[in-house]
Amino acid sequence: MAGRGIPAEQEPLLGDRPPGSREWNIIETQEHYKSRWRSIRILYLTMFLSSVGFSIVVMSIWPYLQKIDKTADTSFLGWVIASFSLGQMVASPVFGFWSNYRPRKEPLIVSIFISVAANCLYAYVHVPASHNKYYMLVARGLVGFGAVFQTCFALIGEKGVTWETIQLQINMYTAPVLLGAFLGVLNIILILIILSKYR
């Protein structure tokens with residue numbers, strides 16, 4: 001229900017119409033009701049996929065951090081774990097403000113894209129010759145900027161498989177973030193296809 005010629009997708013969530021005004025009392029159509037609930041379900045799926053992406057990585061952070069950078073200690077591990085929440089804390093008001101005044105798909109897709117890119121960065125933190133722990137810290141912070149199946153990934157093993165052409169190691173430490181990146185791409189596709197049908 002857009003007001004004053006503003007498309008519904010771009011209308012601020014916190015509109016300036018007070019309860020009791022004429023525009024406030026408009027009855028929702030059945031079509032709009034169904035469309036709204038489809039969008040809500042997609043957003044629930046988005047949150048679920050983000051949570052899965054977060055939780056499958058957490059269990060592998062400490063052993064992977066020890067493997068890639070011997071100078072990392074438990075206090076630095078705390079910073080790596082906290083960087084996700086710090087990234088969320090910084091990004092939430094920015095993306096919230098953005099979604100109030102622009103089409104809501106924009107910040108959603110950008111945040112998921114950042115998460116996918118950060119998961120890919122995490123998969124490559126073994127490549128630099130030094131300071132790998134800082135790359136991991138940045139990657140986890142960006143995943144938070146962009147929310148446990150770890151025992152299943154233990155079957156891949158520490159050595160795993162290496163794709164030499166692109167220097168990609170797929171092992172029990174990197175497989176969770178690669179799955180998180182895949183889920184993020186899947187999430188973007190769902191948002192683009194399904195939310196664009198229902199406004």
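The areas come from the Shrake-Rupley method with a 1.4 Å probe, and for residues only the protein chains shown count as cover. M89 belongs to helix α2, which covers residues 74-101. M89 is classed as exposed because its relative accessibility is 57%; the classes are buried under 20%, exposed over 50% and partly exposed in between, with a 1.4 Å probe and protein chains only.

Local features in this predicted model need pLDDT of at least 70, side-chain atom pairs count only at pLDDT 80 or more, and totals for chains, interfaces and linings use all residues. Residues are numbered from 1 along each chain as its sequence is written, and side-chain values use heavy atoms, with hydrogens and water left out.

The overall fold comes next. The protein contains six helices and two strands, in the order α-α-α-α-α-β-β-α along the sequence. These elements are DSSP runs numbered from the N terminus: helices are H or I with at least four residues, and strands are E with at least two. Of the 199 residues, 36% are buried. The protein exposes about 11,900 Å², of which carbon and sulfur atoms supply 68%.

An unreviewed UniProt entry places the feature "transmembrane region" at residues 42-64, 76-96, 108-125, 137-156 and 177-196; such annotations may be inferred rather than shown by experiment, and feature names are shortened, with positions in the numbering used here. In the model, residues 76-96 are 100% helix and 0% strand, with end C-alpha atoms 30 Å apart. Residues 108-125 are 89% helix and 0% strand, and their end C-alpha atoms lie 26 Å apart.

What lies in the interior? The largest nonpolar core has 22 residues, of which V57, I61, Y64, L65, V80, Y122 and M136 touch the most other members. A nonpolar core is a set of buried Ala, Val, Leu, Ile, Met, Phe, Trp, Tyr and Cys residues joined through side-chain atoms within 4.5 Å. At least two residues of this core come from each of α1 (30-68), α2, α3, α4 and α6 (175-197), and α1 gives the most, with eight residues. Apart from this core lies another, of eight residues, including I42, L108, I112 and I188. As for V80, its contacts (heavy atoms within 4.5 Å) include I61, L65, M136, L137 and R140, not counting residues up to four places away in sequence.

The loops also deserve attention. H131 lies in the loop between α3 (105-123) and α4 (132-145), and has a positive phi of about 60° although it is not a glycine. P128 is found in the loop between α3 and α4; its C-alpha atom is separated by 9.5 Å from that of I68, 60 residues apart along the chain. Q167, in the loop between β1 (161-163) and β2 (168-170), has a positive phi of about 55° although it is not a glycine.

Finally, there is one salt bridge, defined as a side-chain nitrogen of Lys or Arg within 4 Å of a carboxyl oxygen of Asp or Glu. E106 forms a salt bridge with R102, and the closest N and O atoms are 2.7 Å apart. E106 counts as partly exposed because its relative accessible area is 25%, and R102 counts as partly exposed because its relative accessibility is 38%.
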